[in-house]
Amino acid sequence: MKSATIRVRDAMGGYAATLQGKRATCAWSHKEAARRVAQKVYGDQVDVPADYLRDSDVAAGVKYRYHVSHNS
């Protein structure tokens, strides 16, 4: 699997995560929003460890960054 990056931004009253053109939201947790979008794209057996924000992310309004890893 190629490396996949999930970007999470603030949304109205919660968080919105995007990955490969898919989007998921969550009202209480940025990590949960990231997990939901990863499950949409790759299925249930995924984990979303945190990743470092890049300068370009901050300029684009991204608050959190995760990457996708598969659980076995």
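**Before you start**

The model is a predicted one, in which local features need pLDDT of at least 70 and side-chain atom pairs count only at pLDDT 80 or more, while totals for chains, interfaces and linings use all residues. Residues are numbered from 1 along each chain as its sequence is written, and side-chain values use heavy atoms, with hydrogens and water left out.

**The whole chain**

Show the protein as a cartoon and you will find two helices and seven strands, where helices (H or I, at least four residues) and strands (E, at least two) are DSSP runs numbered from the N terminus. Followed along the sequence, these elements give the pattern β-β-β-α-β-β-α-β-β. The C-alpha trace spans about 35 × 25 × 20 Å along its principal axes. The radius of gyration, taken over C-alpha atoms, is 11 Å, which agrees with the value near 11 Å for a compact globule of 72 residues, the globule rule being 2.2 Å times the number of residues to the power 0.38.

Colour by accessibility next: buried residues make up 33% of the 72 residues, with buried meaning under 20% relative accessible area, exposed over 50%, and partly exposed in between (1.4 Å probe, protein chains only).

**The sheet**

Now select the strands of the open sheet, five in number, which has the order β3-β2-β1-β6-β5 with antiparallel pairing; two strands pair if DSSP finds at least two bridges between them. At the edges stand β3 (22-26) and β5 (50-51), each with a single partner strand, so one side of each is left without a neighbour in the sheet.

Select residues 5-11, strand β1, together with residues 14-19, strand β2: β1 runs antiparallel to β2, and five bridges join them, with V8 having A17 as its bridge partner in β2. These two strands form a hairpin with two residues between them, and G13 in the turn has a positive phi of about 80°. Strand β2 is mostly covered, since five of its six residues are buried.

Moving on to β3, you will find that five bridges also join this strand to β2, again antiparallel, and that the bridge partner of Y15 in β3 is C26.

Go to β5 and strand β6 (residues 64-67), which pair in the antiparallel sense over two bridges; D51 has R65 as its bridge partner in β6. In strand β6, select H67, which is partly exposed, with a relative accessible area of 27%. From C-alpha to C-alpha, H67 and A50 are 6.6 Å apart in space, although 17 residues separate them in sequence. Leaving aside neighbours within four places in sequence, H67 is in contact (heavy atoms within 4.5 Å) with A4, D47, V48, P49, A50 and D51.

**A last stop in helix α2**

Finish by selecting residues 55-59, helix α2, where D57 is found. Is D57 buried or exposed? At 3% relative accessibility, D57 counts as buried, and, not counting residues up to four places away in sequence, D57 touches R7, Y52, V62 and R65.
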